[in-house]
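Here is a brief report on charge pairs, ring pairs and model confidence. Please keep the structure open while reading.

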Amino acid sequence: MLTLPHKVPFVDLAAQYSALASEIDEAISRVLREPNFILGREVELFEKEFAAFCGAEYAVGVDCGMSALELALRAYKIGCGDEVLTPANSFIASALAISHTGATPVLVDVDRLTYTIDVPGIQAAITPRTKAIMPVHLYGHPCDMDPIMKIAEQYGLIVIEDACQAHGAKYKGKRVGSLGHAAAFSFYPSKNLGAYGDGGIVVTSDRNVAESVKTLRNYGQREKYQHVVLGYNHRLDTLQAAVLRVKLSRLDTWNGARRHHAALYQRLLAGSEVVTPTEASYADSVWHLYVIRVVHRNALAKHLANLGIASGMHYPIPIHLQPAYQDLGYTRGDFPITEQHAEHIMSLPMYPELDPCSIEYVAETIQNFVPNTSDGHIRVESLSNVADGTGSL
Ligand SMILES: *Cc1c(COP(=O)(O)O)cnc(C)c1O
């Protein structure tokens, strides 16, 4: 089959706006005409709608995902002297949110197949100072929450879900955001639900925690000029809330499109030298990212770029090897699966408006890729063994 070369971007936010332009414009001008830019009505309405979407009682809008994580931790009084467990492979914000409370992030390796936090690793990392677990529903795939909640109960730990990549994902039929004690979402523009700027939200069914986050996000005040705690300015803009309300009504449809794209990639990449992602039996992933593994990753990325295909790496440097986290005292070799993955993972274009022809073009380009090296075959075999040891991927 001959596919004409064309450009395939990694995400296409303009395509999404075109489809919604009149509704978005109307929502924005409604706010401009009101006008109540700070904690206006749209914020409250969006909070109610997003909590209901997640199957939780409360949601409190904030200025970004990292603030959502930090304020959720602070609402549970987590801070100096405490330890919080989180995976070594995530976006740096997961660990930073912990650090910014004064607590110490304690890293745990990831599961070979799902890329999410390794449950036996959690158990092994618990100390008398451990106060919370922050599992990350990475790439849109939920963590195995039942055993995580069981460990948390056993040791009296709080569980804060980092759901910043997983809006709408389900674990055993239940939405993420309703599984732990509280959860944090990001509305960074390229997330599954994205604002036109920064935004985030804390979701919980604990009334006191919701109240506490509300106070913390707004200078520590419950009533104007009465400051009960040392708060922040971490509020969600009314304009962003109005945009997010329009987009929330499309989220399930968009996630359905992503699922289709993932299935098509999976089918078209079968038999190639790449390891395609696994969806656990308990999971309904929302495919924030479509992450493959391949031995000659950097060569393939370059090859794709030459042919107009964008790709990404999530993430090329694990958290424990980042210069910013030198003080935690980890070294190379501490989290072998995370480290192996960091060298081989590659994210392919994924967004709802992606068309099947582009997916065919990407898959065909990967299928036809011949790495320029003599030991290619030997190394490819060793990667499949790394993948799961059974060849059942
Ligand atoms: C995007 C993201 C965050 C941070 O969200 P921001 O809105 O950028 O602050 C945190 N954790 C994960 C896993 C993310 O992907």
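Glu26 is partly exposed, at 41% relative accessibility. Here buried means under 20% relative accessible area, exposed over 50% and partly exposed in between (1.4 Å probe, protein chains only). This is a predicted model: local features need pLDDT of at least 70, side-chain atom pairs count only at pLDDT 80 or more, and totals for chains, interfaces and linings use all residues. Residues are numbered from 1 along each chain as its sequence is written, and side-chain values use heavy atoms, with hydrogens and water left out.

**Salt bridges**

Glu26 pairs with Arg30 in a salt bridge. The term means a side-chain nitrogen of Lys or Arg within 4 Å of a carboxyl oxygen of Asp or Glu. Both residues lie in helix H1, four residues apart, about one turn of the helix. Helices (H or I, at least four residues) and strands (E, at least two) are DSSP runs, numbered from the N terminus. Arg30 is partly exposed, at 29%.

The structure holds 13 salt bridges.

| Salt bridge | Closest N to O |
|---|---|
| Arg30 and Glu26 | 2.9 Å |
| Arg245 and Glu42 | 3.0 Å |

Arg245 in helix H8 (residues 238-248) and Glu42 in helix H2 (residues 41-54) are 203 residues apart, so their pair links distant parts of the chain. Glu42 is buried at 6%, whereas Arg245 is partly exposed at 23%. A salt-bridge network links Glu26, Arg30, Glu42, Glu49 and Arg245.

**Aromatic rings**

Rings of Phe, Tyr and Trp (its six-membered ring) pair if their centres lie within 6.5 Å; planes under 30 degrees apart count as stacked, over 60 as edge-to-face and the rest as tilted. The count comes to 12 aromatic pairs. Tyr17 and Tyr196 pair edge-to-face, at 6.2 Å centre to centre and 85° between the planes. Tyr17 lies in helix H1 and Tyr196 in the loop between S8 and strand S9, so the pair ties together parts 179 residues apart in sequence. Phe46, Phe50, Phe53, Phe185 and Phe187 form one aromatic cluster.

**Confidence**

pLDDT is the predictor's confidence in each residue, from 0 to 100. The chain has a mean of 94, and 93% of its residues reach 70 or more. Confidence is lowest in helix H13 (residues 376-387), at a mean of 45, and highest in strand S8 (residues 182-186), at 99.
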